[in-house]
Amino acid sequence: MGKYVQLGDVKTWYDEHGSGRPVVLLHGGLVDARWFEPNLAPLAERFHVYTPERRGHGHTPDVPGPITYQLMAEDTIAFLETVVGEPADLVGHSDGAFVAMLVAMQRPELVNRLVMISGGFNKSGEAAPDAEWDVDQIADFLAPAYGEVSPDGIDHFKVVATKIGEMAAVEPTLQASELAMVTARSLVMFSDDDLVTMNHVVEMYDALPNAE
């Protein structure tokens, strides 16, 4: 059923499944924890799985102001400290992967292992840098699912999509040398036709000290 926890100004929704070593699943941008539903039952057989939804996503309401990777990383750190209460494995997809990486860089004592799926570290690695961020087109595709669970209602989707588009226009901006701050054992996962180039994937793998 899920529950809420107040983390600063964000009323964060999350659910829990299974028992054992904690694993936190971080969904991609403009989607929510339902994206991980096919993975929950197998993971819950071995792990205590947490599925928080970030500000403006899923059941978690939006808050005034921009959405940035750093703010979402701070929200995730607060979730780990307040709800999980011990170091966890982080599994992030797309935006969630970069958020997980920031958490691992800034608070390594909170992260046991790190899985990053389809999340690069710098805009220079984008496979289609000239792609248009068409909010109306994105809304046609994703707003109905957003409206099913968001307390802000379907009409607020374009507000959140605009915020994410503004973030994506300028972030992420890490340099490869900064990835040395990620000390956790890391799994780097991409498809062969992803949002970043294969050169970027290799550069990311090479820059992480303990990557597979």
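1. A nonpolar core here is a set of buried Ala, Val, Leu, Ile, Met, Phe, Trp, Tyr and Cys residues joined through side-chain atoms within 4.5 Å, where buried means under 20% relative accessible area, exposed over 50% and partly exposed in between, with a 1.4 Å probe and protein chains only. The model is predicted, so local features need pLDDT of at least 70 and side-chain atom pairs count only at pLDDT 80 or more, while totals for chains, interfaces and linings use all residues. Residues are numbered from 1 along each chain as its sequence is written, and side-chain values use heavy atoms, with hydrogens and water left out.

2. The largest nonpolar core has 56 residues, and those with the most contacts inside it are Val24, Phe79, Met101, Leu114, Phe157 and Met204. Leaving aside neighbours within four places in sequence, Phe79 is in contact (heavy atoms within 4.5 Å) with Val5, Leu7, Thr12, Tyr14, Val24, Tyr50, Pro52 and Val84. A second, separate core of nine residues includes Val23, Phe36, Phe47 and Val91.

3. Helices (H or I, at least four residues) and strands (E, at least two) are DSSP runs numbered from the N terminus. Helix H2, residues 69–84, packs against helix H3, residues 95–106, at an angle of about 65 degrees with the axes 9 Å apart; axes are lines fitted to C-alpha atoms, for helices over the stretch in contact, and angles run from 0 to 180 degrees between N-to-C directions. H2 is therefore roughly perpendicular to H3, a term for angles of 65 to 115 degrees, with under 35 counted as roughly parallel, over 145 as roughly antiparallel and the rest as oblique. On the H2 side the meeting residues include Tyr69, Met72 and Leu80, and on the H3 side they include Phe98, Leu102 and Gln106.

4. H4 and helix H5 (residues 157–168) pack at an angle of about 125 degrees, with their axes 9 Å apart, and the two are therefore oblique to each other. Among the residues making this contact are Ile138, Leu142 and Tyr146 of H4 and Phe157, Lys158 and Val160 of H5.

5. Gly119 lies in the loop between strand S7 (111–117) and helix H4 (135–149), and counts as buried because its relative accessibility is 4%. Leaving aside neighbours within four places in sequence, Gly119 is in contact with Ser94, Ala97, Phe190 and Met204. Gly119 and Pro172 are 53 residues apart in sequence and 9.8 Å apart in space, C-alpha to C-alpha.
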